[in-house]
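Subject: Model for your files, with notes

Dear colleague,

Please find below the structure that I promised to pass on to you. My notes on what was found in it follow directly after.

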Amino acid sequence: MKKLLVSPSPHIHGKDNTRNLMRDVIIALLPSLAVSIYFFGFSALRLTLIGVAACVAVEYLIEKYMLRTKVTIGDYSAAVTGILLAMNLPPNAPWWIMVIGSIVAIGIAKMTFGGLGQNLFNPALVGRVFLLVSFPVIMTDWTMPDSWFGSAIDASSGATPLGIVKEALSKGETLQQIFAEHDFSYTQMLFARVGSVGEISALALLIGLVYLLVRKVIAPHIPIAILGTVAVFSGILWGVDSTRYTDPLFNLLTGGVLLGSIFMATDYVTSPMSHKGMVIYGIGIGIITVLIRQFGSYPEGISFAILIMNATVPLINMYVKPKRFGRK
Amino acid sequence: MKTFSIGGVHPCDSKISAGAAIENFPIPEVAYISMSQHLGAPAEPVVAAGDKVKTGQLIAKANGFISAPVHSSVSGTVKSIEMVKDLAGNLCKAVIIDVEGDEWMEGIDRSEDIVREIKLDQKEIIARIAECGIVGLGGATFPTNVKLSPPPGKKAEFLIINGAECEPYLTSDYRVMIEMPEQVLIGAAIMMKALGVTKGFVGIEENKPEAIRVLSGYSEKYPDIQIVPLKKKYPQGGEKQLIDAVVGRQVPSMGLPIDTGAVVQNVGTALAVYEAVQKNKPLFEGILTVTGECCPQQRNFKHRVGTPISKIIEAVGGVPEEAVKVISGGPMMGKAMCNIDAPTLKGSSSVLFLTEKQTKRKEEGNCIRCAKCVSVCPMGLEPYLLNKLGRAGRMDDLEANRVYDCIECGCCSFTCPAYIPLLDMIRLAKGQVMRIMRSRPKN
Ligand code: SF4
Ligand code: SF4
């Protein structure tokens, strides 16, 4: 008689696997990538491809020749890190900075912790912050690369709205003066504005969010908690003094808040496991982001906010448990 | 539409045998009637080799409070009482009967007539259910009379009939509900009388609209029994999840369903209760689905308990070429058979064939901490953590994280994108922790 397979239940498995989930994240990033290629041209595409190639190569080399373990590039997580890192860089960053960022992201932030699933900090953000601290000039050079459609954005200033506001405020101008001098149209921000490769279009990022939610790749808790907190907290400050503090919509649409809350803070490995924990984590990120923006010396704070909250995740997981069945 | 509040998954439906009417499976030439057909102590044979038995005759008596008597499913001569292998290959005592004809015990009403009037009183009903060897047919095979007698100090408020049949593939309960709806409702009414409650529910998942429609058609005749359509979600048929879904109460951790005032019985059990109380027929038959995409025939059989499963498989053309696994029960919680010659039991609900593509486990990857196992766990546990703690053998932490609450539904392993066999580890750890907890002196 033929031999039957015997193993414990369950005998079937759902459709999700690591590779499909990562592929879905990549798909969700495509609208943003498309918009940035539209405005930044070849340089955005090149940056992204270099990022992917460098991250995958670093992971492959380390696993194959240093750790001598199974090579896991097939799960696409290194590719996702590469794209996210590229999304966080200014569009005309030089290629070598991308390579350094990849080595830091994969080699230091991911592999030294034990590879996929073991790292405490979001690899792409570690890479980005490392570059920001080491090469501050390149990392805040927002001048537009030559592109096919460059005229769509006012790039003459070479600074992001957040940077312009921060600098002018420090010179003692009021927000009303700053807004009068510069044309910060919110509608335009929705479609395209100055910023890193991935930040350029708020709308494209939101399309990505919808895709991730529909495909159930992520739970809505983290992005909603961050965006809600940023809106409420900046709204309170704005209510207190609207000459010094920017309004909530400005805060949501500028800088990396959308990119960070949708794609960086939701990184599985470095975010909490329970829904309650996710909300706490999101609120923390929202508060720290606004604090850095309004009171810190950097114009943008979401990267630091996420990294700081990454560090609290083990603690959150230990003390914030999911809602148990049968406990009042 | 109602459903349970925490977690759950949506495996594909695969109710491909739903259209197959229940057929009588031929009586085997030899019946192997196991003494371990229920939760609790095996029954004790009261017949010896050479005895003549009739269909429905008592052949083994209950052995202790949590146990159930066993009746012959065939008529003939007792050949021997021996150890036979069950479907997992473990030995269990069985009465082996050479079948001659099919002569039933006097007193069993074999007519098709529906008997509506419930003549027995509360005590007599429970006694009859015990005598007839009725056990829960939803999987656990817990003696039904025990469940209908709440422990002192606990009071039942309502009865819930489990018609969720949330496991993919299974259709035996569905067929019973649409072919014998009134019998099921009378069975429910009998159990309500036994419990002294006036409120009953039948919870049915929305993927069985026909069953909902048919049973709702009797609402005027049985106004105390409410048909509750439920959203399709696994494990809705789990006792705790069903109570939560139907009446919105949660069984406390370490507590019993009766703590919420609910008693849950399966559709098949309700039919068995009807037959026992109204027709005087002990439980010696069962309804069983034979199915699987690779199986050329989709059937629902009424079988005599003790029929070798291999005979049933032969009737559909043998184990299909592509099948690598034969499962008794559903694909989420059923048991993989290693011995298809094992006899059917009272609680046998299906023979399911799965192909290599459907069931082969994939290579396990790193936990990516996606939290999907956490969000699907219907008990609100953290499977990834229990798995980690289990591997490290940290018994205290496993207990603190309530591994004992796990209902072994398999949602976690089913979902894990890294193909980690979470439930394998959790089941093992749960067993160890429960042993430690039981060994502690009670104060
Ligand atoms: S579902 Fe699997 S990969 Fe995701 S957290 Fe749970 S154990 Fe880890
Ligand atoms: S098998 Fe246990 S741990 Fe896994 S989902 Fe079900 S109840 Fe939760």
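Helix H3 of chain B (residues 172-179) is largely enclosed by the rest of the structure, because six of its eight residues are buried, where buried means under 20% relative accessible area, exposed over 50% and partly exposed in between, with a 1.4 Å probe and protein chains only. The buried residues of H3(B) are Ser172(B), Asp173(B), Tyr174(B), Arg175(B), Val176(B) and Met177(B); helices here are DSSP runs of H or I with at least four residues, strands are runs of E with at least two, and both are numbered from the N terminus.

Please keep in mind that this is a predicted model, in which local features need pLDDT of at least 70 and side-chain atom pairs count only at pLDDT 80 or more, while totals for chains, interfaces and linings use all residues. Residues are numbered from 1 along each chain as its sequence is written, chains are lettered from A and ligands numbered from 1 in the order in which they are written, and side-chain values use heavy atoms, with hydrogens and water left out.

On the two chains together, 38 residues of chain A are in contact with 65 residues of chain B, contact meaning heavy atoms within 4.5 Å. The area buried between them is about 4300 Å², and carbon and sulfur atoms give 55% of it; buried area is the accessible area (1.4 Å probe) that two parts lose on being put together, summed over both. On the chain A side, His11(A), Met273(A) and Phe325(A) lose the most area to chain B, together 22% of what that side buries.

Ligand 1 lies between chains A and B. Among the residues around ligand 1 (those with a heavy atom within 4 Å of it) are Met273(A) as well as Cys367(B), Cys370(B), Cys373(B) and Cys416(B). Its shell divides into eleven nonpolar residues, no polar and one charged, where Ala, Val, Leu, Ile, Met, Phe, Trp, Tyr, Cys and Pro count as nonpolar, Asp, Glu, Lys and Arg as charged, and the others, Gly among them, as polar.

Over all chains the structure holds five aromatic pairs, a pair being two rings of Phe, Tyr or Trp (its six-membered ring) with centres within 6.5 Å, stacked if the planes are under 30 degrees apart, edge-to-face if over 60 and tilted otherwise. One of these, Trp104(B) with Phe284(B), has ring centres 5.2 Å apart and planes at 75 degrees, and is therefore edge-to-face. The two residues are 180 apart, Trp104(B) in the loop between strand S8 (91-99) and helix H1 (122-131) of chain B and Phe284(B) in the loop between helix H7 (267-279) and strand S13 (285-291); Trp104(B) and Phe284(B) are both buried. Arg110(B) lies over the face of Trp104(B), 3.8 Å from the ring centre, by the criterion that NZ of Lys or CZ of Arg is within 6 Å of the centre and within 35 degrees of the ring normal.

Finally, some backbone details. The peptide bond from Ser9(A) to Pro10(A) is cis, with omega near -5 degrees, and a cis bond also joins Tyr234(B) and Pro235(B), with omega about 0 degrees. Phi is positive at Tyr76(A), near 70 degrees, and at Asn280(B), near 60 degrees. Asn280(B) belongs to the loop between H7 and S13 of chain B and is partly exposed, at a relative accessible area of 31%.

With best regards
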